[in-house]
Amino acid sequence: LTDRAAGRSRALSTLPVRLLILSDESGRPLIDAAAVAPSLQRADRIFADAAGIRVRLAGVTVVQEPAPTHVLDPHANRRLLLDHALGRTEFLLRHLAPRPVLSVAGDPVTIVVVRTISGRVTGCSLGMTADWVLTQASLFDAANPHSYDETVLAHELGHALNLPHLRDRANLMNPDSTPPGKMRGTGLRRW
């Protein structure tokens, strides 16, 4: 962020992302991949403008196998971390793209589309401790103004890049966003 703030130009970096769409108990995908495109484009604009990082889709996987209910409707935050530590995310991990053994940087972050996330959240990330983030399918339903929110995906990718929450409503990393009237901003400011 400092090069951009100082007015120095630099080559854009790339954040590759993969999209993993789960299927419900009947084997129906939760959403169509095209529904995520506006949120991906918004994330790309936010990170390119503020940080010189392009968000690029590296692949889409639709899991045909019905996901267990606890994976379709996961916990959030500390309870998700506990579930992960106890192996309750095994179904999810089995469907992530394999990583090279010596890989430390440049691997895609996987955006996992789940049905609902328990609690009052619509996205969740374990930060840099995981190479995946969760997003609720309703975020991508443009026909529903009370759930459609293009900022959540970018916010969760921010956590994957180790950005913390900020209370500034104009900042992308503000933890609160309630469509349609109380949306978080898309600015990225120095911490």
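**Entry 1**

I looked up F47 first. Skipping neighbours within four places in sequence, I found F47 in contact with G52, I53, V55, A154, L157, G158, L161, L163, L172 and L188. Contact means heavy atoms within 4.5 Å. I noted that this is a predicted model, where local features need pLDDT of at least 70, side-chain atom pairs count only at pLDDT 80 or more, and totals for chains, interfaces and linings use all residues. Residues are numbered from 1 along each chain as its sequence is written, and side-chain values use heavy atoms, with hydrogens and water left out.

Next I checked the largest nonpolar core, which has 30 residues. A nonpolar core is a set of buried Ala, Val, Leu, Ile, Met, Phe, Trp, Tyr and Cys residues joined through side-chain atoms within 4.5 Å. Buried means under 20% relative accessible area, exposed over 50%, and partly exposed in between (1.4 Å probe, protein chains only). V17, F47, V55, I111, L157 and L188 touch the most other members. At least two residues each come from β1, α2 (37-51), β2, β3 and α6 (151-160). Helices (H or I, at least four residues) and strands (E, at least two) are DSSP runs, numbered from the N terminus. Helix α2 gives the most, 6 residues. I also found another core lying apart, with 19 residues, including A67, V71, L92 and I117.

**Entry 2: strand β3**

Then I traced its partners. Two strands pair if DSSP finds at least two bridges between them. β1 (residues 13-23) runs parallel to β3, joined by 5 bridges. Here R18 stands opposite T110. β3 also pairs with β5 (residues 132-136) in the parallel sense, over 5 bridges. There V113 stands opposite T135.

**Entry 3: strand β5**

Why do I call β5 largely enclosed by the rest of the structure? The reason is that 5 of its 5 residues are buried. W132, L134 and Q136 lie on one side, V133 and T135 on the other.

β4 (residues 123-125) joins β5 through 3 bridges, and the two run antiparallel. S125 stands opposite V133. I saw that β4 and β5 form a hairpin with 6 residues between them. In the turn, G127 has a positive phi of about 70°.

**Entry 4: V60**

Last, I checked V60, found in strand β2 (residues 53-66). V60 counts as partly exposed because its relative accessibility is 40%.
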